[in-house]
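Please keep the 3D view open as you read.

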Amino acid sequence: MGARIVGSGICLPETIVTNHDLAEIMDTSDEWIRSRSGVEARRIASPGVGSAELGAAAVLDAIDDAGLAPGDVDVLISATMTPDHYAPGNAPLIQDRAGLGTIAAHEIRQQCGGFLYGLDLADALIASGRAETVVIVGAEVHRGYMPYGDSMDILLGQRTGPPTEADRARATEGRAWSVLFGDGAAAMVLQPGPEHSGILGTTLHTDGSLFELIHVPGPGFINYPWSSVDQIEQGLHQPSMNGGELFRNAVRLMPAAVRTVLEDAALSVDDLDLVFAHQANQRILDGVAKQLGIDPAKVPSNIAQYGNTTAATLPLLWHDCKNENRVPEGTLCAFTAFGAGAHWGAALYRA
Ligand code: ACO
């Protein structure tokens, strides 16, 4: 008996930042960002709004969509790369804000693979009978990483430009990664499904030898003290990314994982209706379709509107597609992700 998605919900910050807005504060262009990544706009959370606030709102939206109440949830799984506080992470904050009571609240840290790891855990809990109703939430506020200095206020509409030369130079230095990310949260509610529906199988992988492909080198307990002004001055609190290698691995490993879950279920690529792939780059999504030999229309995308929302991309995409009536009962889908860790994998799902 596989876990079945019975509700989904989202919470997006109101501020929309377009590529044109970014071109006001750094040396970039809408044409570069759009053609290299497919991103046209992203949301940025307002000052004081963290991923726990967005995550809790998405959880409540999903519970409502499922026709349930907060008290019906047995387990919460929170996935984030950008918790409000390094410790204790987001799970307890989201649990409290959403009024879920003192249920178990897992905190998982698989970055872009976080929601997929959450799906596997939810499925295991439900299939083993240890939980009836599990909520998974992916929530991110990447704002704190952004190398924009005071230009952040220009993006948030709190003052007009132009930026200082120093802020412009710093933003331009970080443009290869910063333009890709956006803030947002999305959640799913899972319950036991009828035979031959819900999650049919999963495969998860981690290759720690690839951890430097994208990582945040600065604050951490290998240092004494674990965080310092020096690290910030050197930009070590921001992601360090090898875009090309990430790209090559993502295009190779996501399709391989999708093939594995299909083979395990004695199904083939031809049986697939949709592939929900982590939204990191439109060219990666096109590469996934090509590697699988499927119509790109079967690999939906909302990266143009939201950018890469890390742990939130898969549930955000599911929610959008569900609302567009693209996942009627019986639809065979794969969820797949690749990201920092490196963590990757796939889940096969029958709606
Ligand atoms: N605007 C204008 N020019 C830029 C920008 C920008 N925003 N960013 C980089 N450039 C310049 C570079 O400086 C470089 O200039 P040069 O040739 O004069 O040195 C040129 O554009 C080409 O840069 P590349 O890095 O080679 O561009 P590429 O085509 O490889 O695209 C990209 C870069 C978009 C980052 C791509 O490699 C990618 O998307 N990789 C995957 C990233 C990814 O998946 N990240 C998420 C990780 S998952 C997680 O867990 C968080």
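**Around the ligand**

Domain 1 (3-192) and domain 2 (198-300 + 313-350) each supply at least three residues to the shell around the ligand; the domain bounds come from an automatic or database domain assignment. Before going further, note that this is a predicted model, in which local features need pLDDT of at least 70 and side-chain atom pairs count only at pLDDT 80 or more, while totals for chains, interfaces and linings use all residues. Residues are numbered from 1 along each chain as its sequence is written, and side-chain values use heavy atoms, with hydrogens and water left out.

Which residues come nearest to the ligand? Of the 23 residues around the ligand, they are Thr-28, Arg-36, Cys-112, Asn-281 and Ala-340; a residue is counted here if one of its heavy atoms lies within 4 Å of the molecule. By type, the shell divides into 13 nonpolar, seven polar and three charged residues. In this grouping Ala, Val, Leu, Ile, Met, Phe, Trp, Tyr, Cys and Pro count as nonpolar, Asp, Glu, Lys and Arg as charged, and the others, Gly among them, as polar.

Thr-28 places a polar side-chain atom 2.6 Å from a nitrogen atom of the ligand. For Arg-36, a polar side-chain atom lies 2.7 Å from an oxygen atom of the ligand. In the side chain of Asn-281, an N or O atom is 2.6 Å from an oxygen atom of the ligand. On its own the ligand has 1000 Å² of accessible area, and the protein covers 72% of this; accessible areas come from the Shrake-Rupley method with a 1.4 Å probe, and for residues only the protein chains shown count as cover.

Two or more shell residues come from each of helix H2 (30-37), helix H8 (175-178), helix H10 (243-264) and helix H11 (282-292). Helices (H or I, at least four residues) and strands (E, at least two) are DSSP runs, numbered from the N terminus. H10 provides the largest share of the shell, with four residues.

**The nonpolar core**

In soluble globular proteins, nonpolar side chains tend to be buried together. Here the largest nonpolar core has 52 residues, and Leu-22, Tyr-148, Leu-155, Leu-272 and Phe-338 touch the most other members. Such a core is a set of buried Ala, Val, Leu, Ile, Met, Phe, Trp, Tyr and Cys residues joined through side-chain atoms within 4.5 Å, where buried means under 20% relative accessible area, exposed over 50%, and partly exposed in between (1.4 Å probe, protein chains only). The elements that give two or more residues to this core include helix H6 (151-155), strand E11 (274-277) and strand E12 (332-339). H10 gives the most, with nine residues. Because domain 1 (3-192) and domain 2 (198-300 + 313-350) both give residues to this core, it lies between them.

**Loops and local details**

Now turn to the loop between strand E4 (75-79) and H4, where Thr-80 lies. Thr-80 is buried, with a relative accessible area of 1%. Its side chain reaches the backbone oxygen of Ala-139 at 2.6 Å, and a polar contact of 3.1 Å joins the side chains of Thr-80 and Glu-140. A polar contact is a pair of N or O atoms within 3.5 Å; within protein, one must be able to donate a hydrogen and the other to accept it, and residues adjacent in sequence count only if both atoms are side-chain atoms. Pro-88 is also found in the loop between E4 and H4, and a cis peptide bond, with omega about 10°, joins Ala-87 and Pro-88.

Helix H4 (residues 91-97) contains Gln-95, which is buried at 14% relative accessible area. The side chain of Gln-95 reaches the backbone oxygen of Gly-101 at 2.9 Å. Gly-101 sits in the loop between H4 and strand E5 (104-108) and is partly exposed, at 40% relative accessibility.

Finally, Gln-111 has a positive phi of about 50° although it is not a glycine. Gln-111 belongs to the loop between E5 and helix H5 (114-127) and is buried at 12% relative accessibility.
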